[in-house]
Amino acid sequence: LAVHDVPKAKASLTAARTNANAVYTPPTLTGAMDLLSGQLHAEERDYKTAYSYFYEAFETYHQLERNEARQALNYMLLTKIMMGKPEEVASVLTSKLALKYAGAQVDSLRAVAAACRARSLGDFDAAKAAFPAALARDAVVQSHLDELYGELLEKHLARLVEPYSRIELARVAELMSLPAAAVEKHLSHMILEGKLNGILDQGASHLIIYDEPRADKLYDKSLAVFGEMDAVVGELFEQASALR
């Protein structure tokens with residue numbers, strides 16, 4: 001899992017669960033397998049299933065009064081954010097079991113959730129600046145938040161350039177409060193991935209945005225007409241053959 005070889009990690013975990021079902025498994029080991037299962041599903045962006053595994057691990061570790069419960073809770077908050085439900089983070093944290101695990105990491109994820117709810121890159125950056133150690137402490141949390149930040153940045157860029165047909169890259173960078181090179185890199189990725197319909201004019205340092213092409217339904221309607229005509233001709237041919 002650490003080297004992002006998800007298929008091999010899933011195969012190993014499946015084998016471990018099979019062996020665990022055949023013998024007595026200590027609750028700590030069961031919790032560890034649930035935690036790993038959640039990480040694997042989160043890696044595949046199946047955040048709903050990941051949350052259920054993290055919750056099982058959290059309950060197990062909480063009952064055992066193990067410190068791993070804090071890590072499972074952090075992952076629960078992370079999956080709520082990644083599912084696009086940052087407003088549910090508060091309800092998770094106000095539950096009876098979660099109250100005893102307050103700390104810097106929980107506060108950092110609460111701040112990130114608030115930034116996502118407000119769709120504010122500035123608030124996201126402020127959360128990262130306020131809790132640098134807490135957010136960088138866990139590689140899983142950092143990896144998914146980096147991905148989330150990239151998605152928020154792309155959405156913000158798309159909203160920013162939407163009213164224009166041509167805009168200077170320097171102006172976009174100024175409005176985003178980001179280096180021009182970083183803005184150009186993100187825009188080029190968005191164009192290559194089909195998220196933005198336009199081109200970068202390197203000579204003039206401009207972004208040129210095209211109108212979204214309108215779907216022409218004439219071709220589809222023509223195919224439908226030809227299909228109906230083919231069916232009619234086929235029916236007439238069968239009737240003519242029967243009269244012979």
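1. In α1, Val 6, Ala 9, Lys 10, Leu 13, Ala 16, Arg 17 and Ala 20 meet Met 33, Asp 34, Leu 36, Ser 37, Leu 40 and Glu 43 of α2; contact means heavy atoms within 4.5 Å. By class, this contact of α1 with α2 has 8 nonpolar, 1 polar and 4 charged residues. Here Ala, Val, Leu, Ile, Met, Phe, Trp, Tyr, Cys and Pro count as nonpolar, Asp, Glu, Lys and Arg as charged, and the others, Gly among them, as polar.

2. The model is predicted: local features need pLDDT of at least 70, side-chain atom pairs count only at pLDDT 80 or more, and totals for chains, interfaces and linings use all residues. Residues are numbered from 1 along each chain as its sequence is written, and side-chain values use heavy atoms, with hydrogens and water left out. Helices (H or I, at least four residues) and strands (E, at least two) are DSSP runs numbered from the N terminus.

3. The axes of α1 and α2 lie 11 Å apart, and the two helices pack at an angle of about 150°. α1 is therefore roughly antiparallel to α2. Axes are lines fitted to C-alpha atoms, for helices over the stretch in contact, and angles run from 0 to 180 degrees between N-to-C directions; under 35 degrees counts as roughly parallel, over 145 as roughly antiparallel, 65 to 115 as roughly perpendicular and the rest as oblique.

4. Thr 25 is placed in the loop between α1 (6-22) and α2 (27-43). With 15% relative accessibility, Thr 25 counts as buried (under 20% relative accessible area; exposed is over 50%, partly exposed in between, with a 1.4 Å probe and protein chains only). Apart from neighbours within four places in sequence, Thr 25 is in contact with Ala 20, Thr 30 and Met 33.

5. Helix α6 (residues 104-118) has 15 residues and reaches 21 Å from its first C-alpha to its last, close to the 21 Å expected at 1.5 Å a residue; the expected span is 1.5 Å times one less than the number of residues. Its buried residues include Gln 105, Val 106, Ser 108 and Leu 109. The buried residues of α6 pack against α4, α5 (89-93), α7 (121-130), α8 (132-136) and α9 (139-161).

6. Which residues does Asn 74 contact, leaving aside its neighbours within four places in sequence? They are Gln 105, Val 106 and Leu 109. Asn 74 belongs to helix α4 (residues 68-82) and is buried, at a relative accessible area of 2%.

7. Ala 134, in helix α8, is buried with a relative accessible area of 5%. Beyond neighbours within four places in sequence, Ala 134 is in contact with Ala 104, Gln 105 and Ser 108.
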